[in-house]
Structure formats: structure tokens, C-alpha cells
Amino acid sequence: MLKVARLNSSYPGGLKAYIQNARKLLADSKAGKNPYDGFTPSVPSGEVLTFGDDNFIKLEEAGVREAKNAAFVLVAGGLGERLGYKGIKLALPAETTTGKCFLQQYIESILALQEASCKLAGGQQHMQIPLVIMTSDDTNAPTLKLLESNSYFGMVPSQVKLLKQEKVACLDDNDARLALDPNDKYKIQTKPHGHGDVHALLYSSGMLYHWKSAGRKWVLFFQDTNGLLFKAIPASLGVSATKGYDVNSLAVPRKAKEAIGGITKLTHADGRTMVINVEYNQLDPLLRATGHPDGDVNCETGYSPYPGNINQLILKLDSYIEELGKTRGAIAEFVNPKYKDSSKTSFKSSTRLECMMQDYPKTLPPSANVGFTVMDTWLAYAPVKNNPEDAAKVPKGNPHHSATTGEMAIYRANSLILRKAGVQIADPVNDVFNGQEVEVWPRITWSPMWALIFADVKRKVNDKCFVSQRSTLVINGQNVFLDGLSLDGTLVVNAIDEAEVKVVGSIQNKGWVLKHVDYKDTSFPEEIRMRGFKIEKLEQLEKSYTEPGNFCLSS
């Protein structure tokens, strides 16, 4: 009875509404109904940004200024099983040079935004930026343990709130009869409902009204394993603030037919319009059916005109609350039953309704200001999703989205940012790890407190600096300046905020090297095996500055 009560209370409208919705969706599925019947697709309007130009720099500063008025929501209900990892994905190292896990990287980025935003406000009362993490039965306890054992990575515990999503009832047939556990006829089978639950959880928790009363204006949703995300957040938030977007979807350029959803404007025959993500396997047939005989094709830019959705959303809090007041956070659902045969009368196994976070705009009125922000993939998107075996099977030229490529993407992005700021960064070399060919750039990492936006980087380096391909550079400190550094080896600089460190001259040592590891070699930990390499630390120059003052670091 307790489980039935929980299933009833966790779904908007209860089990009765769930079954009613299921019957309709199952009937549509059996009939082969097209969910976009009557809609014509077109390219929506949005912002396409160029990293490092004047507009980008201006938007980054606008985003940092707005950050104190934001709240962050991290969707983290899944385990890392698909990656070949037994723990929660948030505990995985984003990169192994520092070993910082994804959750630490995210929290440090939010704290850096918090400090920079309050500083720009000119002495305004210090505001904490809240972080909500949506967990599941699988991830709730490990996520809490990860936070508590690391002192919340510098956040105040009250700043972080965990909201646990419940599963939904499984369905046995097209009449939406509830599926019982084959081992216990008094127990209902359940499965995950999808990350779209985050909207209902935020509504029912009362968090949104609490944020509004505290003067918040924006809610930023993000996923659990994209190590580049916070490089894209400031400018994207700047776009939302400048354009007044009710919904801003972060996006990257997308090749036609690439396996990533496209952000699309849909116009119905009755005049209704909406701007939403259309999955790649639906976009091409939809275009072909509405007067585009070639379907989803690249335009003169070499990319599809429909930007690639990366499932990071920025919502304006006022209109978000207004909408959820009508829907209670219920998101348009879909069902994907696996039928036994073409009669579509019975299932191979029980099914359930599912929902996706990015489908929120489907219920918005036409007056809603829905747009997108496109940034270069190298800057904004490197998710870690696939295990080594699956990643190695990805066709040449397509992204592997593995722990290997996720880590290498961080080094590439940092190298390209420094290049744009004038630093001479040696070209990468190609190597193969776990069957995946990747570019290996210098292993460059820095804490978000050192450089949150491009203007910070430009202020702290000059064009007299050089970093060789085999080098590793780690910067942990707010006031570290690279002034004519020539690095061929490994340099690690740690400094408190009150220490100003100028790094000059030529530094050369044996450095840290990458050694190949076979993912099947169980003598190595999972998080190393899935990358296909380990770092062998031969020699380095490491300096720590724990006292206030001005210092010069040279060979």
C-alpha cells in the first residue's frame, strides 16, 4: 500500500491521470500516429556566437553580472553503468590531471560565478547561488555521501538541495493495466520516468517560490557529465538576459542526420507554433513529409540549419512559475512499447510513460519568447556517455562521447582559449586509446577562480608565452599571471587568493606522460581503464604559495 500511495502522490493527478494518459498514448502508438502530424518545421531564431569576439566578451560579462540572480539544477538520476562504471557519474574524474570529479568541477564553477557576480554588483550583499540536484533511488545516497565526505566542495550545505525523483508504474498491455512483479503479485513493477520529472519536483518542493521571493530571475538546468559546460554558461546567460528569453536552449552546430536532436520551430495548420527539440530520427522524415524532398541536409555553412540540442536550458523564473502553476510540472510524455508482433496487441515486456526535460516548451503559449544560443562544440559540449567498446564502434568522424574524448576535449578547449589569448600552444599529436583516435593537446587545466570568462584569461597571460605539446600546466589560484613563460614539461602552481604570482622564464623537466591502458585490464581502476591511459608522473615543478604577498616563479 505504501508503494501505491507513493506512485499516486508523485505523479501530477495521481495514478488515475497516469493510466488515462497511458491509454491515449498507447492507442496513438498502436495506430502509428505521428506526434507532429499537421506541423510544418522551420528554422527558429536564436543567437549564434563566435568565441572571443567583442560580442561574445560583452555577453560573458552580462552573464556573470546576472549569475547572482540565478539558481542551478543538476539532473543526476542515472548511474554510470553504460560507461562501465559502478559508481555515480558525478563522482567520475572529469579529467585525470587533477583528478577533480564532475561534481567538484561544477560546484567550483558555481562558486566562482557567485564571487565574480557579487563583485560586479559593487559591494552588494553577498548572495549564495543555490544548487538543486535531482537524484533517484540509485543515486541519492551516493550523491549525499560524495558531498558530505568532501565538505560540499566549498559550498555551504544549506546551499545544496537534493530532490529525489520517484519511478512510475509499468504497464502490461494497451489498456494500461498495471504490470505486477512476476515474483510478487502484490507488488507493482516500476521503471524510471525520465529527467522531465525535474519540473514537477521543483514545483511540488516549493523551491521556485522561495527563489522568486529571494529575487532570483533564472533557472539553469544541466546534465551530469559535460566537462565543458561552464565555459558556455556565462555568455548563454548573457543572451537570456539581453534577449529576455523565457526559454534559452544551449546548442552546438549539428551535421545533418547527426544523432543529436535539432531545435526546430513547428507551425501547426491551425496557427499554433512552438520551438522545441525534435529528435534526429523524427526530424528527417518530418522535413521530407512537408515539402523538403532531401530531408535534413547541410546548408552553406556545412551544417544543418537546425542547431543541435545539448540539453542545457536557461528558463526565466517568472514565466516558468506561471506555466507550472497551470501544469504542476507535468511534461508531455511519450511511450515506446516493444510489441511482440505486427498485430501490436501485446508487449515483449512491460512498458511505461517517459518524459524529457527539454520538452517543457511544448505547453508554452505562442507568446513565449523561446530561443537558442549556439556555440562551437569544442567550447561547449563533450558529454561522457559511452563505454570504450561502444565508443570504438562509432563511425569515423562522429563523436565518441567517451571518458577518453571527454577528457581530451577539456585539454583542447583550454589550449584553444589560451591560443586565442595570444599564447603559443604547440599543435596536438594524434593517438589511439581504447580504439578511439583522438587529438592530444597539452594537458592544461585551471580552476574556475583563475579564469571564469575569456576576459580573465586575456588579463592573466601574454603573447610571449609558449607551451609545448608534451607539457602539463595546472593553475590553482586566482592571481597567477603567465608573463613570458616557456614551458616544456610539467608546472603546477597553487596559490591562495592573497598571493599574486608572476610566472616567467623557461621551465623544462621530464614532465608527466600518458601511458596506454587496455580497458580489459582489471588491474587498473575503472575510471582509468575507461579512458585507455594513465598519467605517469616523471618530474614536475610544483610551487604552493600559502602566504599573502607578491611572488615571482621562474626556473
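Before the first pair of helices, one definition: by an axis I mean a line fitted to C-alpha atoms, for helices over the stretch in contact, and the angle I quote runs from 0 to 180 degrees between the N-to-C directions. Please also keep in mind throughout that what you see above is a predicted model.

Let me start with helix 4, residues 102-120, and helix 8, residues 229-243, whose axes come within 10 Å and cross at roughly 30 degrees. Since angles under 35 degrees count as roughly parallel, helix 4 is therefore roughly parallel to helix 8, and the crossing of these two helices is right-handed. If you want to find the contact on the screen, look for Y106, S109, I110 and L113 in helix 4, which meet F230, I233 and P234 in helix 8. Sorted by class, the residues of this contact of helix 4 with helix 8 are 6 nonpolar and 1 polar, with no charged residue among them.

Now bring in helix 3, residues 54-66, whose axis comes within 7 Å of the axis of helix 4, the two crossing at roughly 95 degrees. Because angles of 65 to 115 degrees count as roughly perpendicular, that makes helix 3 roughly perpendicular to helix 4. On the helix 3 side the contact is made by E61, V64, R65 and E66, and on the helix 4 side by L113, A116, S117 and L120. Here the classes are 4 nonpolar, 1 polar and 3 charged residues.

Helix 3 also packs against helix 8, and for this pair the axes come within 6 Å and cross at roughly 85 degrees, so that helix 3 and helix 8 are again roughly perpendicular to each other. From helix 3 the contact takes F56, L59, E60, A62, G63, V64 and E66, while helix 8 brings K231, P234, A235, L237, G238, V239, A241 and T242. By class, this contact of helix 3 with helix 8 has 9 nonpolar, 3 polar and 3 charged residues.

How many cavities of 30 Å³ or more does a search of the whole structure find? The search finds 4, and the largest cavity holds about 400 Å³ of space. It is lined by 28 residues, of which K231, N414, W446, P448 and A451 lie nearest its centre. The lining of the largest cavity has 15 nonpolar, 8 polar and 5 charged residues.

Last, the second largest pocket, in which about 1400 Å³ of space lies. Of the 48 residues that line this pocket, those closest to its centre are T377, G397, N398, P399 and R412. At least two lining residues each come from strand 17 (370-374), helix 11 (377-380), helix 13 (403-420) and strand 20 (436-440). Divided by class, the lining of the second largest pocket has 26 nonpolar, 12 polar and 10 charged residues.

Note on methods: Residues are numbered from 1 along each chain as its sequence is written. This is a predicted model: local features need pLDDT of at least 70, side-chain atom pairs count only at pLDDT 80 or more; totals for chains, interfaces and linings use all residues. Side-chain values use heavy atoms; hydrogens and water are left out. Helices (H or I, at least four residues) and strands (E, at least two) are DSSP runs, numbered from the N terminus. Angles under 35 degrees count as roughly parallel, over 145 as roughly antiparallel, 65 to 115 as roughly perpendicular and the rest as oblique. A crossing is left-handed if the near helix is turned anticlockwise from the far one by less than a right angle, and right-handed if clockwise. Contact means heavy atoms within 4.5 Å. Ala, Val, Leu, Ile, Met, Phe, Trp, Tyr, Cys and Pro count as nonpolar, Asp, Glu, Lys and Arg as charged, and the others, Gly among them, as polar. On a 1 Å grid over the protein atoms alone, a cavity is a set of points where a 1.4 Å probe fits but cannot get out, and a pocket is an open set with protein on both sides within 12 Å along at least five of seven lines; lining residues have an atom within 4 Å of a point. Grid points are joined across faces, edges and corners, and a volume is the space filled by probe spheres set on the points.
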